[in-house]
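Reader: I would like to go through this model with you. I will ask what each label rests on.

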Amino acid sequence: MTETTTTVPEIPGYKAGTWVLDPAHSEVTFSLRHMMISKVRGVFGLKSATIEAPENPLDAKVSATVDVASINTNDENRDNHLRSADFFDVAQFPTIEFVSTGVRYQDGDFLVDGDLTMHGVTKPVTFELEFGGFGTDPYGNYKAGATATGVINREDFGLTWNAALETGGVLVGKDVTITLDLQGSLQA
């Protein structure tokens with residue numbers, strides 16, 4: 001049974017305020033099926049991310065922007081193809097953006113709902129959020145760490161390029177798992 005609640009468990013170390021991305025300790029990764037037999041993984045560079053965290057974490061607001069040209073799958077030819085009009089069309093759509101529309105606490109998990117804009121298409125998505133913890137770094141900055149994971153269908157965003165395989169099936173899978181490993185600093 002799915003149970004959504006407005007009562008949030010205590011989050012040790014949680015502090016209200018504006019949190020800003022630490023890009024040196026954050027990344028956006030993705031994976032999807034290749035040839036229907038294995039997975040290809042890649043990473044994007046985060047341009048920016050901000051979390052407005054009020055006293056009640058369920059009232060938090062999240063926004064993030066990813067630099068699409070930064071895509072790296074450890075294969076230069078594939079990366080250039082992904083940047084082309086066959087896939088992301090970086091010249092026309094240089095960023096991927098996420099803006100939250102709500103936060104829920106459901107069945108013991110935090111879920112962040114929002115609008116994801118990619119390739120000129122905006123669709124609702126949900127990320128499951130796992131808090132990593134909070135602490136002060138050696139320079140006195142109060143930090144938070146979290147991981148957010150979600151799955152999208154790339155074709156919903158107009159990324160439909162594919163190739164049929166002789167053995168049946170297709171070269172590129174539809175379902176893409178997106179993982180954001182984030183670290184942010186509380187602004188003074």
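Reader: How do the residues lining the largest pocket divide by type?

Author: They divide into 25 nonpolar, four polar and four charged. Ala, Val, Leu, Ile, Met, Phe, Trp, Tyr, Cys and Pro count as nonpolar, Asp, Glu, Lys and Arg as charged, and the others, Gly among them, as polar. One caution: this is a predicted model, where local features need pLDDT of at least 70 and side-chain atom pairs count only at pLDDT 80 or more, while totals for chains, interfaces and linings use all residues. Residues are numbered from 1 along each chain as its sequence is written, and side-chain values use heavy atoms, with hydrogens and water left out.

Reader: What makes a residue part of a pocket lining?

Author: An atom within 4 Å of a pocket point. The points sit on a 1 Å grid over the protein atoms alone; a pocket is an open set of them with protein on both sides within 12 Å along at least five of seven lines, whereas in a cavity a 1.4 Å probe fits but cannot get out. The largest pocket has 33 lining residues, and Phe30, Leu32, Ile71, Leu82 and Phe88 lie nearest its centre. Strand β3 gives the largest share, five residues.

Reader: What is the volume of the largest pocket?

Author: About 570 Å³. A volume is the space filled by probe spheres set on the points, with grid points joined across faces, edges and corners.

Reader: Why is the pair of phenylalanine 98 and phenylalanine 127 called edge-to-face?

Author: Rings of Phe, Tyr and Trp (its six-membered ring) pair if their centres lie within 6.5 Å; planes under 30 degrees apart count as stacked, over 60 as edge-to-face and the rest as tilted. The structure holds eleven aromatic pairs. Strands are DSSP runs (E, at least two residues), as are helices (H or I, at least four), numbered from the N terminus.

Reader: Are phenylalanine 98 and phenylalanine 127 buried or exposed?

Author: Buried means under 20% relative accessible area, exposed over 50%, partly exposed in between (1.4 Å probe, protein chains only). Phenylalanine 98 is at 8%, so it counts as buried. Phenylalanine 127, at 7%, counts as buried too.

Reader: What makes tyrosine 105 and phenylalanine 110 a tilted pair?

Author: Their planes are 55 degrees apart and their centres 4.8 Å apart, so the pair is tilted. Both residues are buried.

Reader: How do you know that aspartate 22 and lysine 143 form a salt bridge?

Author: A salt bridge is a side-chain nitrogen of Lys or Arg within 4 Å of a carboxyl oxygen of Asp or Glu. Here N to O is 2.6 Å, so the salt bridge is there. Aspartate 22 is buried at 12% relative accessibility, and lysine 143 is buried at 12%.

Reader: Where does glutamate 155 find a salt-bridge partner?

Author: At lysine 174, with the closest N and O atoms 3.7 Å apart. Glutamate 155, at 29%, counts as partly exposed. Lysine 174 is partly exposed at 43%.
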